Amino acid sequence: KLRKGKIQRQRDLYSSSDAVFSAFKNKNFKKCLALLSDKIPMNDTLFLCYLGSLTEMNRFSQLSELINSRSVKDGYYHYLYGRMEYHKKNYSTAINKFIRALTVRSFYKNLSYFIHFYIAKSKSAIFKKTPNNENRENMIKEFERFTTRFCKNPASNECNDILSMLDEYK
């Protein structure tokens, strides 16, 4: 009896995990958060889905409480940490976290694109806060780096945002 109960709990956990990954992949972050209740023990990947869902739903106060409770060796963790720092207007710290995210393997496939987008936005915010030639040059270099690498067909909102800012400051 005991063994059958343990096997059933493992099956339930796997099906719950599949549902979480499916919700996260389909950007149904509200469902993802609902599925990640206290009932499911969270491995690192589920924890990252939880943090990512909080981020995408702009629930940064909850993210801030949780992100320091557990460190995960994944680039997505550092990216989310950077997003939190960006939200707090700690742009230099955010850039450092984004750069760290680039050096660590991640389960999230298109992470480099979003990291470079937020590095560009952070450098823009630094320039707006302290408008000097060095900050302007750093911002423009980052805009150009992003557009050259990621905006060959500028259909995305991120590419359009960066291209618009590049036109404004060039």
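Tutor: A nonpolar core is taken here as a set of buried Ala, Val, Leu, Ile, Met, Phe, Trp, Tyr and Cys residues joined through side-chain atoms within 4.5 Å, where buried means under 20% relative accessible area, exposed over 50%, and partly exposed in between, with a 1.4 Å probe and protein chains only. The model is predicted, and local features need pLDDT of at least 70, side-chain atom pairs count only at pLDDT 80 or more, and totals for chains, interfaces and linings use all residues. Residues are numbered from 1 along each chain as its sequence is written, and side-chain values use heavy atoms, with hydrogens and water left out.

The largest nonpolar core holds 49 residues, of which Ile67, Tyr79 and Phe143 touch the most other members. Helix α7 (residues 111-129) supplies the largest share of this core, 10 residues, helices being DSSP runs of H or I with at least four residues, numbered from the N terminus. Leaving aside residues up to four places away in sequence, Ile67 is in contact (heavy atoms within 4.5 Å) with Leu51, Tyr77, Leu80, Tyr81 and Met84.

Turning to the cysteines, a disulfide is a pair of cysteine sulfur atoms within 2.5 Å, and the count by this rule is 1. The bond joins Cys151 to Cys159, with an S to S distance of 2.1 Å; the link is left-handed, with -90° about the S-S bond, and both Cys151 and Cys159 are buried.

Conventions:
Helix = DSSP H or I, 4+ residues; strand = E, 2+ residues; numbered from the N terminus.
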